[in-house]
Amino acid sequence: MLERVPCETVEMAARKKLIDRGVTIEAIAEIVYDLQKPYAANLDLASCIESTDAVLNKREIQHAILVGVELDELAEKGLLSEPLLSMVKQDEGLFGVDETIALGSVFGFGSIAVTTFGYLDKQKVGIIDELDNKKHQVHTFLDDLVASIAASASARLAHRIRDLEENRRVVDIQKREEEDLIG
Ligand code: MG
């Protein structure tokens, strides 16, 4: 029987992929900050970094990163077969598998994550816009993955801020987060 891949190996690989492709947690957190600032007057960047980092603990997201970035890299090296190679390289308008994979990984964070993902898909901001403009590289999947991480981190933060405002005990907040952590 094949040996199971340890979760830690998967998480490290997914986090490394983001860094290798020029995406830092801080850059994603800046998007989260801009998204949540209108709803939270005292918001600081550190909370957005914490939330982005927490989202990267989720297996659903790690798996999406590994699949998506792998396809970007294979397309960049010309290693996909046609016609998929051309569609991924050109980020073809009607090719929506990049969005589908990214969208699939936000469901664990609820309706705010889903609607925010749709918003970021249209309004390319910050690092998402930068990736979109790096024409010598292929970021067809990565830009949507970054949008999904930012959307999930925003949703998580929105719920967390409400819990803190209502003075829920930290231990209760953590318990709920652990229960929400499907993967
Ligand atoms: Mg895309």
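**Close-up 1. Helices α6 and α9.** Helix α6 (residues 97–104) packs against α9 at an angle of about 25°, and their axes are 8 Å apart. This is a predicted model, in which local features need pLDDT of at least 70 and side-chain atom pairs count only at pLDDT 80 or more, while totals for chains, interfaces and linings use all residues. Residues are numbered from 1 along each chain as its sequence is written. Helices are DSSP runs (H or I, at least four residues), numbered from the N terminus. Axes are lines fitted to C-alpha atoms, for helices over the stretch in contact, and angles run from 0 to 180 degrees between N-to-C directions. The two helices α6 and α9 are therefore roughly parallel to each other (angles under 35 degrees count as roughly parallel, over 145 as roughly antiparallel). On the α6 side, Asp-98, Glu-99, Ala-102 and Leu-103 meet Asp-144, Leu-145, Ala-147 and Ser-148 of α9. Two residues are in contact if their C-beta atoms, placed from the backbone, lie within 7 Å. By class, the contact of α6 with α9 has 4 nonpolar, 1 polar and 3 charged residues. Ala, Val, Leu, Ile, Met, Phe, Trp, Tyr, Cys and Pro count as nonpolar, Asp, Glu, Lys and Arg as charged, and the others, Gly among them, as polar.

**Close-up 2. Helices α4 and α6.** The axes of α4 and α6 cross at roughly 165° and come within 9 Å. That makes α4 roughly antiparallel to α6. This crossing of α4 and α6 is left-handed. Ala-64, Val-67 and Gly-68 of α4 meet Asp-98, Ile-101, Ala-102 and Gly-104 of α6. The contact of α4 with α6 divides into 4 nonpolar, 2 polar and 1 charged residues.

**Close-up 3. The buried face of helix α3.** In α3 (residues 45–55), the buried residues are Ser-47, Cys-48, Ser-51, Thr-52 and Val-55. Seen down the axis of α3, these buried residues fall within an arc of 135°, so they line one face of the helix. The arc is that of the directions from the helix axis to the C-beta atoms. A residue is buried if 20 or more other C-beta atoms lie within 10 Å of its own, exposed if 12 or fewer, and partly exposed in between, with C-beta atoms placed from the backbone. The cover over the buried residues of α3 includes α2 (25–36), α4 (59–76) and α9 (142–165).

**Close-up 4. Cys-48 in helix α3.** Cys-48 lies in α3 and has 26 other C-beta atoms within 10 Å, so it is buried. Not counting residues up to four places away in sequence, Cys-48 touches Ala-29, Val-32, Tyr-33, Ala-153 and Leu-157. The C-alpha atoms of Cys-48 and Ser-154 are separated by 7.7 Å, though the two residues are 106 residues apart along the chain.

Close-up 5. Most residues other than glycine have a negative phi, and most peptide bonds are trans. The peptide bond from Glu-82 to Pro-83 is cis, with omega near 10°. Pro-83 sits in the loop between α4 and α5 (84–90). Asp-91 is not a glycine, yet has a positive phi of about 50°. Asp-91 is in the loop between α5 and α6. With 17 other C-beta atoms within 10 Å, Asp-91 is partly exposed.

Technical notes: Parallel < 35°, antiparallel > 145°, perpendicular 65-115°, else oblique. Left-handed = near helix turned anticlockwise from the far one by under 90°.
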